[in-house]
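Please read the following alongside the sequence and the coordinates.

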Amino acid sequence: LDLVINSLPFADCDAGVDLRVADVALGQYALEFEGLESFTFGVQITLQDVFLDQSVAITSGTIYAFEVTSDAGSHGDGRFKVTFSKEIGNTNPTYQTVDDCEAYQVLIEDAERGTMYTIWQGDNNLIEAEGDGGILTMPIVASNLSEGLNELDLNIEVPGCTSLRLDNYVQIQKISRIEVQSVTDGFNCAAGQVSLMAEGAGPEDQYNWYASDLDSVPLSSQPESMFTTPVINQTTSYYVSIVNANGCESLERQEVIAEIIELPIPEIQVEGEVLLTDMVGDAYQWYRDDVKLVGEISNQIKIEESGAYKVEVFSQGCSSTSASVVQSVLSIEELSDQGLSVYPNPVLDRLFIENSSQLDISEVRVVDLNGQLMWRQEMNSQVEIDASRWSKGPYILLLSTETEQIAVSYTHLTLPTTSP
């Protein structure tokens, strides 16, 4: 026999229904209870067996077996009574906390229908919501919480009937988003890998490095603050953020630049007994025969010894080295030993050069000590240079071949004017 309770008038927090067991034969019977979830509020149901003087808590699916005997108390109107009470059923509800990076959520499982749940922070009501028998989601704005552990009170109330406050029951660990505090760009002096730096992450955080500000998948997720790029052949921008221990990422990604610096190769110009480069740099270093020349750190050098000269130019943390220029510094006597005659010295008004050596000299130049060109011509087996209009003093004779320049010092004398 199915019995249905259509409605209950709750004048207060309790209501009762008598179950009439009459006109039944002697024997074994059972009461089965279903559909308790149809109540629109939390309710505790109790079956009272007056005949046996015992009470049983009723839940959906409960079966209560009883016997009807010849004893008049085992049947009739007064044996059973069902009491419905508005009260808190679960005084120790299970919950979870979820950090969605914008707000925190407290998820109360099996929140009782019609029961009010309120989360308090001291005297501050953070959120209240009514249970519906399932999971109750209670969002909490992150700005209402302190950094670190927050212990909040949970108040459970059956409106108008009973209330229970659980102190420090809900615990939320707030970890705010972390923004990158600073970045350090990197460079390489040619195509290759570049090391970049970021700062701001804690020991439990990760750095996410991206190839683009819009990429959803990082190139690398790592606890280390240094990131090494793939091999690149041009200046490239990368972007970095921080992911905290709760998996929440920085709101902004910081740009970090990996610069590829390719300096041009410096060229050496020969101006008399001076070598120079017009390439602008932060510093210079000259070498002769691959040996560093101490103190020769300007953009020019005076040739004082024979050898292969080159210059290294430093700029933007990188350097570039020129090709070697071979320079020979010889005396007139040393040239004569090689079959090249330069005479006379000192010069009065004409200088003669005769080449019977194996040197393939292509050009002859004469410069003063300031590098000013005084004479220039192609080299033949014999060259005659008119020095009659030159001022008295030393000059440099420059003999050029395909592979080197030979510098020869000589002196020019102007004869004094005599009266007839």
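Lys302 and Glu273 form a salt bridge in which the closest N and O atoms are 3.8 Å apart. The pair joins distant parts of the chain, with Lys302 in strand β26 and Glu273 in the loop between β22 and β23, 29 residues apart. Lys302 is partly exposed, because its relative accessible area is 45%. Glu273 has a relative accessibility of 16% and therefore counts as buried, the limit being under 20%. The model is predicted, and distances and accessibilities are to be read as values computed from that prediction.

How confident is the predictor in this chain, as given by the mean pLDDT? The mean pLDDT of the protein chain is 88, and 93% of its residues reach 70 or more. Over residues 415–420, however, the pLDDT is below 50, and this stretch has 1 contact in the model beyond near neighbours in sequence. Where pLDDT is low, the predicted coordinates should not be read in detail.

Strand β22 pairs with β23 (residues 274–276) in the antiparallel sense over 3 bridges. Within this pairing, Val270 stands opposite Leu275 in β23. Strands of a sheet pair through backbone hydrogen bonds, either parallel or antiparallel.

How many salt bridges does the model contain? The count comes to 9. Side chains of opposite charge can pair when their charged atoms come close. One of the salt bridges joins Arg20 and Asp77, with an N to O distance of 2.6 Å. This pair also links distant parts of the chain: Arg20 lies in strand β1 (residues 14–21) and Asp77 in strand β6 (residues 76–85), 57 residues apart. Arg20 counts as exposed because its relative accessibility is 57%, a value over the 50% limit. Asp77, at 47% relative accessibility, counts as partly exposed.

Another salt bridge brings together the side chains of Lys310 and Asp290 at 2.7 Å, N to O. Here Lys310 is in strand β27 (residues 307–315), while Asp290 is in the loop between β24 (283–288) and β25 (291–292); the two are 20 residues apart and link distant parts of the chain.

Val366 stands opposite Trp375 in β33. The two strands β32 and β33 form a hairpin with 5 residues between them, and Gly371 in the turn has a positive phi of about 90°.

A further open sheet has 3 strands in the order β14-β16-β19, with antiparallel pairing. Strands β14 (182–184) and β19 (226–228) are at the edges, each with a single partner strand, so one side of each is left without a neighbour in the sheet. Neighbouring strands of this sheet are turned by 20° against each other on average, direction ignored. Strand β14 and strand β16 (residues 195–199) pair in the antiparallel sense over 3 bridges, and Thr184 stands opposite Met197 in β16.

Ser320 is found in strand β28 (residues 318–321). Its relative accessible area is 8%, so Ser320 is buried. Which backbone oxygen does the side chain of Ser320 reach? The side chain of Ser320 comes to 2.8 Å from the backbone oxygen of Pro264. Leaving aside residues up to four places away in sequence, Ser320 touches Leu263, Pro264, Ile265 and Pro266, as well as Val311, Glu312 and Val313.

Terms used
Residues are numbered from 1 along each chain as its sequence is written. This is a predicted model: local features need pLDDT of at least 70, side-chain atom pairs count only at pLDDT 80 or more; totals for chains, interfaces and linings use all residues. Side-chain values use heavy atoms; hydrogens and water are left out. pLDDT is the predictor's confidence in each residue, from 0 to 100. Contact means heavy atoms within 4.5 Å. Two strands pair if DSSP finds at least two bridges between them. Helices (H or I, at least four residues) and strands (E, at least two) are DSSP runs, numbered from the N terminus. A salt bridge is a side-chain nitrogen of Lys or Arg within 4 Å of a carboxyl oxygen of Asp or Glu. Buried means under 20% relative accessible area, exposed over 50%, partly exposed in between (1.4 Å probe, protein chains only). A polar contact is a pair of N or O atoms within 3.5 Å; within protein, one must be able to donate a hydrogen and the other to accept it, and residues adjacent in sequence count only if both atoms are side-chain atoms. Axes are lines fitted to C-alpha atoms, for helices over the stretch in contact, and angles run from 0 to 180 degrees between N-to-C directions.
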